[in-house]
Amino acid sequence: MAGRTIMVIEDDAAIREVLRLYLEKNGFSVIMQDRGDEALSIVRAVQPALIILDVVLPGQNGFELCKEIRKITTVPVLFVSCKNTEQDKITALAVGGDDYITKPFSPNELIARINANLRRPYYVSDDNEPTPKLAAGALQVDLSGRTVKLNQTEIVLSKKEFELLAFLASRPGKTFSHEELFREIWGQESLNDTRTIIVHVSNLRKKIEPDPANPQHIINVHGVGYKFIM
């Protein structure tokens, strides 16, 4: 069942086994791969609900693989790596990753992060009323279809990029702090992790703003956070 299938791309057999045990214990089906250069075809065929991705892999590193994954799917990509510098995390998010955990990790934290990335978006309605489409100049955001168009050309966003844009665009003019955005989009406290929000906003601006250096829609409110201007 694709909705509960997680793909683990990790070259360490012991870590793969630990991940498999904890994921299956929590009700997930697991598909495992130990090489970066052989993973993309499996992602395309299986279409997992979420991908756990190591950075250091034989054949192709996780950063390069994530770029390729983003060309074919928007499913959440959760990096799990022993590389623990701030630049590693920035790179992981910049290439399309949704989250980043360093090894060694707490299995309970990992499951919490997975559930946060898989949780039902706030804008999905339980009734029969159509979810609205938002428009801001040449930018169009279809919440139910999970599509974004700029000048009628569809823009590919990661799951978290889309949710961040949808959240802000649904509340134009209202300012949100980094902590509030992290809580709403990632479903947990930020623990002073402002870099994740900053990188995702930067990625969004590059994709939806005519001039990312002088944004028209996602505006920085100095010392506070961000707001969306229609």
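Which residues line the second largest pocket? The lining consists of Lys 67, Arg 70, Lys 71, Ala 94, Val 95, Gly 96, Val 156, Ser 158, Glu 161, Asn 203 and Lys 207. The model is predicted, with local features requiring pLDDT of at least 70 and side-chain atom pairs pLDDT 80 or more, while totals for chains, interfaces and linings use all residues. Residues are numbered from 1 along each chain as its sequence is written, and side-chain values use heavy atoms, leaving out hydrogens and water.

The protein is divided into domain 1 (5–118) and domain 2 (133–228). These bounds come from an automatic or database domain assignment. The C-alpha centres of the two domains lie 24 Å apart. In domain 1, 15 residues are in contact with 13 residues of domain 2 (contact: heavy atoms within 4.5 Å).

Both domains contribute residues to the lining of the second largest pocket, so the pocket lies between them. Its volume is about 200 Å³. The volume is the space filled by probe spheres set on the points, which are joined across faces, edges and corners. Helices α3 (62–70) and α8 (195–208) each supply at least two lining residues. Helices are DSSP runs of H or I with at least four residues, strands runs of E with at least two, numbered from the N terminus. The lining comprises 3 nonpolar, 3 polar and 5 charged residues (charged: Asp, Glu, Lys and Arg; nonpolar: Ala, Val, Leu, Ile, Met, Phe, Trp, Tyr, Cys and Pro; polar: the others, Gly among them).

Strands pair if DSSP finds at least two bridges between them. Strand β8 (residues 147–150) is joined to β9 by 3 bridges. Lys 149 has Glu 154 of β9 as its bridge partner.

Another open sheet has 3 strands, ordered β10-β12-β11 and paired antiparallel. Its edges are β10 (176–177) and β11 (218–221). Helix α6 (residues 159–169) packs on this sheet and touches β10, β11 and β12. The direction of α6 makes about 70 degrees with that of β12 (axes are lines fitted to C-alpha atoms, for helices over the stretch in contact; angles run from 0 to 180 degrees between N-to-C directions). β11 and β12 (residues 225–228) are joined by 4 bridges. Ile 218 is bridged to Phe 228 in β12.

Conventions. On a 1 Å grid over the protein atoms alone, a cavity is a set of points where a 1.4 Å probe fits but cannot get out, and a pocket is an open set with protein on both sides within 12 Å along at least five of seven lines; lining residues have an atom within 4 Å of a point.
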